[in-house]
Amino acid sequence: MNKHKFIQQRRPQWKRFEEFLYGTSRKSLSKLEAEQITEFSRLLREVSHDLATIRSRGWGHDLISYLNDLVARGHNLFYGAPPSNLSVFYRYVSLEFPRLFRANIGYFLTACLLFFLPLGISWYVVQNNPSLASRVIPEEIMSRFDTMYSDHGESDPDNASEEGSESEPEGRSSFGDERATMAGFYINNNVGIALKCFALGILLGIGTVYTLLFNGIFLGAVSGYVISQGHGERFLSFVISHGSFELTAIAVAGGAGLMLGNALIHPGQRTRFQSLQVRGLEAVQIAGGAAVMLVVAALIEAFWSPSDVSPMLKYSVGSVLWLIVFLYLAFAGLQSDETGETAAQPGPSEKPGELPSA
């Protein structure tokens with residue numbers, strides 16, 4: 001049987017199963033009639049068999065992606081149980097987010113190219129020609145960086161805390177309140193950038209591309225300018241730790257935005273609205289993971305990065321954090337990946353005679 005005849009023959013069952021998923025997505029299967037549950041189980045096995053057939057014959061990535069999505073949603077609906085909120089969050093962070101990230105890693109790599117490449121180029125250009133920094137960075141921000149990383153500026157926050165501790169017995173508490181306030185500021189600022197990278201993907205991905213390019217150029221120019229002024233050690237030891245989570249999360253959020261744009265440009269077998277519903281849900285989940293990473297980055301930036309420990313220790317901790325981020329995104333939830341792959345294939349106990357022959 002050739003591809004065209006196979007698709008023509010099986011398409012009604014796929015559409016029926018998709019309608020089933022839309023109709024039962026908001027309620028438990030246990031509330032359905034026994035005949036409906038039996039039909040759902042049969043369709044799930046048939047679509048799983050169709051997916052295995054199409055994969056073995058290499059009949060197109062779009063078709064494989066479409067059927068794999070149906071099987072995954074059907075498997076989750078059929079075997080899933082309503083867990084507690086805390087367990088949902090834990091499973092999302094430890095399993096679902098990294099699994100979805102890897103399944104859509106191409107978007108992340110594209111976002112990395114759009115973000116880190118201009119960052120590196122602008123860093124190199126401005127560090128070697130600091131006069132160009134004013135074309136990207138406003139003068140008042142450049143002056144603020146000069147003060148922040150100068151000998152006087154570096155000690156200002158700590159001096160303020162020390163003066164508070166001398167004049168008030170609650171000095172340590174004031175320092176803690178200050179850091180907590182800064183953590184809130186960083187969370188609001190960083191998550192805002194990530195949400196912009198993600199949400200602007202609805203403009204066919206153009207808004208996401210612009211946001212990634214702009215932030216990459218700006219951050220690179222800032223880095224190059226600060227280092228060119230002789231503040232390299234202070235700057236790099238400050239950013240290396242929280243940068244692991246922060247910069248990676250911006251690229252992750254950018255990849256989610258590109259997913260939105262691609263869902264509208266290439267809807268595949270679905271309408272654009274249906275494509276946005278399905279792919280948009282995955283993109284939201286990935287952007288949510290980026291938001292969690294940015295919260296972690298904000299806490300590190302507020303409480304660890306400005307601490308008085310030696311730069312060498314900060315470099316060591318920062319290197320470990322970069323490794324942790326890599327290992328988390330590359331390997332977390334691998335067991336879930338294997339389970340999902342198994343669910344997408346017909347089980348060994350299923351008899352081929354029960355499924356339509358290809």
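Predicted model: local features only at pLDDT ≥ 70, side-chain atom pairs only at ≥ 80, totals over all residues.
## Helix H5 alongside helix H9

Helix H5 covers residues 105-128 and helix H9 covers residues 206-228; their axes come within 7 Å and cross at roughly 30°. That angle is under 35 degrees, so H5 counts as roughly parallel to H9. The crossing of H5 past H9 is right-handed.

What kinds of residues make up the contact of H5 with H9? Sorted by class, there are 15 nonpolar and eight polar residues, with no charged ones.

## Helix H5 against helix H10

H5 also packs with helix H10, which runs through residues 232-265. Here the axes are 7 Å apart and the angle is about 135°. That makes H5 oblique to H10. As for handedness, H5 passes H10 in a right-handed crossing. If you wonder why both an angle and a distance get quoted, it's because two packed helices are described by the angle between their axes and the distance between the axes.

Which residues meet here? On the H5 side, they include Tyr107, Phe108, Phe115, Phe116 and Trp123. On the H10 side, you can look for Leu236, Leu247, Ile250, Val252 and Met259, among others. Sorted by class, the contact of H5 with H10 has 15 nonpolar residues, five polar residues and no charged ones.

## The whole protein

Taking the contacts with a separation of 6 or more, 80% are between residues 24 or more positions apart. Asn189 lies in helix H8 and is partly exposed, because its relative accessible area is 37%.

## Glu282, a charged residue inside

Is Glu282 buried or exposed? This residue is found in helix H11, residues 272-303. Its relative accessibility is 16%, which is why Glu282 counts as buried; the cut-off for that label is under 20%.

The side chain of Glu282 makes a polar contact with the side chain of Arg279, at 2.5 Å. Leaving out residues up to four places away in sequence, Glu282 touches Asp69, Leu100, Asn104 and Met259. You've seen Met259 already: it is one of the H10 residues that meet H5.

Thr211 has 3% relative accessibility, so it counts as buried. Where does the side chain of Thr211 reach? It gets to the backbone oxygen of Gly207, at 2.8 Å. Thr211 also touches Lys196, Cys197 and Leu200, again not counting residues up to four places away in sequence.

Leu204 sits in the loop between helix H8 (171-199) and H9. With 48% relative accessibility, Leu204 counts as partly exposed. Now check its backbone: Leu204 is not a glycine, but it has a positive phi of about 60°. Why point that out? Most residues other than glycine have a negative phi.

Conventions: Residues numbered from 1 in each chain as written. Heavy atoms only, no water. Axes fitted to C-alpha atoms, helices over the stretch in contact; angles between N-to-C directions. Helix = DSSP H or I, 4+ residues; strand = E, 2+ residues; numbered from the N terminus. Parallel < 35°, antiparallel > 145°, perpendicular 65-115°, else oblique. Left-handed = near helix turned anticlockwise from the far one by under 90°. Nonpolar A, V, L, I, M, F, W, Y, C, P; charged D, E, K, R; others polar. Buried < 20%, exposed > 50% of the residue type's maximum accessible area, 1.4 Å probe, protein only. Polar contact = N/O pair within 3.5 Å; in protein donor to acceptor, adjacent residues only side chain to side chain. Contact = heavy atoms within 4.5 Å.
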